[in-house]
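Thanks for coming. I have one chain to go through today, and I will keep it brief.

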Amino acid sequence: MSDARQRWWVALGTSAVLMLWAGALLLSHGACNSTRKPMDSPVSSSTRALRADPSPSKNSLAPVTRRQLHVTEGQLVNLQEEARDGTRFAIEVPRQRAVVPETTGDEAELRFTWLGSTDPVIPLASGRHREQVGLKLRARDGCNALYAMWRIAPSAGIVVQFKSNPDDHESGECGNAGYSTVQPRVMEPLDKLSPGEPHVLRARIDADVLTVYADGQRVWEGLLPADALRLEGPAGMRTDNARVRFELLVPQAAGPTSHR
């Protein structure tokens with residue numbers, strides 16, 4: 001056999017061995033990957049929860065009629081015709097409170113247009129001057145409820161407060177006692193409101209987490225205290241020293257006020 005032909009056979013044999021070795025290596029690597037468990041992300045579950053947008057509501061929301069709205073303080077003006085911004089009711093008094101019986105109280109939405117301050121402006125029971133509009137959740141009565149408020153003045157922002165007076169049931173009994181501010185784990189700043197502009201405030205309780213949206217954006221999220229989670233009551237709304245037109249929406253699948 002010539003030297004050239006011998007070198008050719010050697011090269012061919014070497015190539016065949018290398019191809020067989022590479023194929024065996026690929027098969028071995030594939031087998032390892034198929035049995036290996038995926039590595040958990042180092043990000044904690046709480047951090048993932050903060051970054052993830054909350055799931056949509058399980059029930060679609062429907063506007064509340066005047067017959068469904070139980071006014072506990074103040075006075076509503078029932079607009080003869082629906083306003084251009086879709087609102088149905090107006091408030092001109094300094095203090096307004098209302099609930100929607102036969103709702104679970106875990107979710108509500110307030111579509112409102114702020115028109116300015118009321119005349120007169122009346123301080124809160126604490127003596128503080130505030131202008132705000134917001135939602136009541138799990139409102140057992142005037143002394144035990146959860147509030148998600150859109151503060152208008154003196155500064156703009158979302159404030160969540162829990163009012164707890166287990167032995168009292170009428171506002172005259174508890175006054176401004178029992179309020180505690182719920183600290184957020186997520187909070188975004190809000191711009192100052194301009195009169196005549198429509199806005200949407202929405203709040204929802206999921207397990208032990210309350211999430212608040214302003215104009216479709218998540219602006220507040222936090223864990224609720226154990227006492228607030230034990231509350232049972234309907235959803236509603238509240239205003240202080242704010243002239244507004246509004247429409248209140250609650251889940252269509254309404255049920256008794258006791259949710260547990």
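First, the ground rules. This is a predicted model, in which local features need pLDDT of at least 70, side-chain atom pairs count only at pLDDT 80 or more, and totals for chains, interfaces and linings use all residues. Residues are numbered from 1 along each chain as its sequence is written, and side-chain values use heavy atoms, with hydrogens and water left out.

The chain has four helices and 16 strands; these are DSSP runs numbered from the N terminus, helices being H or I with at least four residues and strands E with at least two. Of its 260 residues, 39% are buried, meaning under 20% relative accessible area with a 1.4 Å probe, counting protein chains only. Among contacts (heavy atoms within 4.5 Å) with a separation of 6 or more, 70% are between residues 24 or more positions apart.

Now strand 14, residues 217-223. Why is strand 14 largely enclosed by the rest of the structure? Because five of its seven residues are buried.

Which strands pair with it? Pairing here requires at least two DSSP bridges between two strands. Strand 13, residues 209-214, runs antiparallel to strand 14 and is joined to it by six bridges. Within that pair, Y213 has R218 as its bridge partner. The two strands form a hairpin with two residues between them, and D215 in the turn has a positive phi of about 55°.

Strand 11, residues 186-187, is also antiparallel to strand 14, with two bridges. There, M187 stands opposite W220.

Note on methods:
Buried < 20%, exposed > 50% of the residue type's maximum accessible area, 1.4 Å probe, protein only.
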